[in-house]
Amino acid sequence: MNPLSTSIEYLKGIGPHRAEILKKELKIRTYQDLLFLFPNRYIDKTVFHKITDLNQENSEVQLKGKIIDIKIISQKIGKRLIAKFQDDTGEIDLIWFRGHKWISKKTIINTKYVIFGRLNWFLSKPVINHPEITLESSFIKENQLNIHPVYPSTEKLIAKGISQKIIKNAVKNLFDKIGNNFSETLPEYLINKLNLISKSDAICQIHFPKKNKQIIDSIKRLKFEELFFLQLQLLRKNMNHKLKVKGFFFNNVGKLLNTFYKKHLPFSLTNDQKKAIKEIRNDMGTGKHMNRLLQGDVGSGKTIVAFFSILIALDNGYQACLMAPTEILAKQHYQSLSVFSNKMNLSISLLTGSSKNNERKIINDGIINGSISILIGTHALIEDKIIFKNLGLAIIDEQHRFGVAQRSKLWKKNLIPPHILIMTATPIPRTLAMTVYGDLDLSLIKELPPGRKEIKTYLKNDSKRLEVFKFISKEINLGRQIYIVYPLIEESRKLDYKDLMDGYESICRYFPLPDYRISILHGKMKSKVKDHEMNRFIKGETQIMVATTVIEVGVDIPNASVIVIESAEKFGLSQLHQLRGRVGRGNFQSHCILMCSYKTSKEAQTRLNAMVKSNNGFEIADVDLKLRGPGNLMGTQQSGLLKLKIADILKDQKLLINARKYANKILIDDPGLNKNINLNIKKAISIRNKEKNLWNYIS
Ligand code: ADP
Ligand code: MG
């Protein structure tokens, strides 16, 4: 057995009781877990401060001197113990609010002490509350003149007496027991090239650094290692997938595709669209299984790329489906794809949760006998009842809502899985995509279709409402249409609903019949009524659409030129960006007006300002990532991938990109990792696979 998998209960200074608490609080079970319990930070006790030099910048300070006086002072509330502490430059007060008896008994006047603590300022004088005090003689004897690690801890740990000192000693005992000779996991040439320190040095120095430089080097080495193996694993997964999973061989480059391209394409494709289509066509023409992510900002034109992919499947005699996360979005996809497929006389159907039983029956039959070639829908598509005659391509509009499990459910429907194209409308920062979608191939649409005018975004206070209404009526007079969106937040449903209805009424008053016609759309309405209202707006019969966020996704009305977002401070960034993407889809100058109240939090301010400043989904996503962190951004589904021990996807972007680059290079050069120079990597992977404790989050 690997000694590192020994339970920590057998470690000197731990025992069964403490082991239990450590397991509960910090999930530390084995020697290895303790070894990889990395300090949060360090305290440099090699430095002594002088009292006269103390300033507001100092947070924790260490002083050397004598206590010259100690007394208890009574106050209105309680008592405090004040000790006057003196070094050769000045005096400072040390203050205790508790434990007075013990401190005054223990403390010896006019003897040399080393004091450590957090500096506070009281009436512009420095004080230290509850300092650590150590006799200088013991300080020297205990060899405390060091850089001290501060380990992660919890209130329970402290309450149960498992102090920093106990953890530090346990780590020391661990090293005494197992030595400091850890197998190198990275190849020599990579270590040299990237100027990394060895694994053994890194692990030792992160716990017992002698200099600050050693801390920096250890952290860098361990972060790189973590990111490198993560990326290596993801890239290998992709590689193995291509090697092992057969895909339909779509070599027929086809009649449908060419006819559509020559006769019905409504616009010329952008270069990025062309490139994406080419990549997809290549994938499907290899006999390997496609697993590709199509990433593009709102309005970048992913739909047409999806349609071309569908045509490739159909040209080869197969069916295609598109799965969307919401009913509205499924309908929208159905509508836009119908426009294209009707021109080609292709049979296309829509299946959602609200499809009637008799419709379902017709669709089921058409799907089984192959008379329906294209099926659009929601989760309803992956119900067991739906059996395709020959599904060749599944497009998933993901928006973070479908999990990997659901994706693979599509597979089980066929012996050979359909090619998979995942589309995301929410741009994800590059490094995050590299991790969460790191096992997929990526097509990126960066440019927007030509002629698009940058959407102008403004921040307006509620007091400017009349001004906003005037602007809206000007746009309507020019023939444009307007969205006005209200938040609908689960927790404050009733209030939000009232806001929406109040808003609707005041809009109706300002924009009266017969000159103006207004649609309203919200979740409480019946599906039929919703469709009716939506259709009136799509046809241009109404000029204003008052809605909750149901219009967030997909809705495509090129004539709409203004979106007003009410209580914009309540929306998240990606949601705001999605909403803004409802306008600017035609050739008209478009506007996004963010209405907000005076009282907005600092974070909301940052969000709103980011919206005003940038139209670029990737830049917005970066701000969002910084505000919310990777776990929240991606939802919980994939967060396992984001639970790293030491690296941070946000802060260590450069290292991550580098790690992926080298992992990729190595795999291209030596796919089986059989070369001698890569032996360390191979060994490390086999150990990891056996132990699984660091890597079990990669399926
Ligand atoms: P999204 O990527 O958000 O799904 P869509 O596919 O809905 O974007 O496209 C947004 C709008 O841009 C649609 O009205 C579409 O017809 C139009 N469009 C897409 N590609 C082009 C292009 N190459 N040239 C001009 N207009 C385009
Ligand atoms: Mg779309």
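Entry 1, strand pairing. I count two strands as paired if DSSP finds at least two bridges between them. Strands here are DSSP runs (E, at least two residues), numbered from the N terminus. The model I consulted is predicted, so-called local features need pLDDT of at least 70, side-chain atom pairs count only at pLDDT 80 or more, and totals for chains, interfaces and linings use all residues. Residues are numbered from 1 along each chain as its sequence is written.

I looked up strand 13 and found that strand 14 (residues 419–424) pairs with strand 13 in the parallel sense, over five bridges. In this pairing, leucine 393 stands opposite histidine 419 of strand 14. Strand 10 (residues 319–323) also runs parallel to strand 13, joined by five bridges. Here leucine 393 of strand 13 is the bridge partner of alanine 320.

I took a cavity to be a set of points on a 1 Å grid over the protein atoms alone where a 1.4 Å probe fits but cannot get out, with lining residues having an atom within 4 Å of a point. I then read the lining of the second largest cavity: Lys45, Gln62, Val114, Ile115, Phe116, Glu132, Thr134, Phe139 and Gln144. Strand 5 (112–122) and strand 7 (132–135) are the elements that give two or more residues to this lining. Strand 5 supplies the largest share, three residues.

Terms used:
Chains lettered and ligands numbered in written order. Heavy atoms only, no water. 1 Å grid on protein atoms, 1.4 Å probe; cavity = no way out; pocket = protein on both sides within 12 Å on 5 of 7 lines; lining within 4 Å. Helix = DSSP H or I, 4+ residues; strand = E, 2+ residues; numbered from the N terminus.
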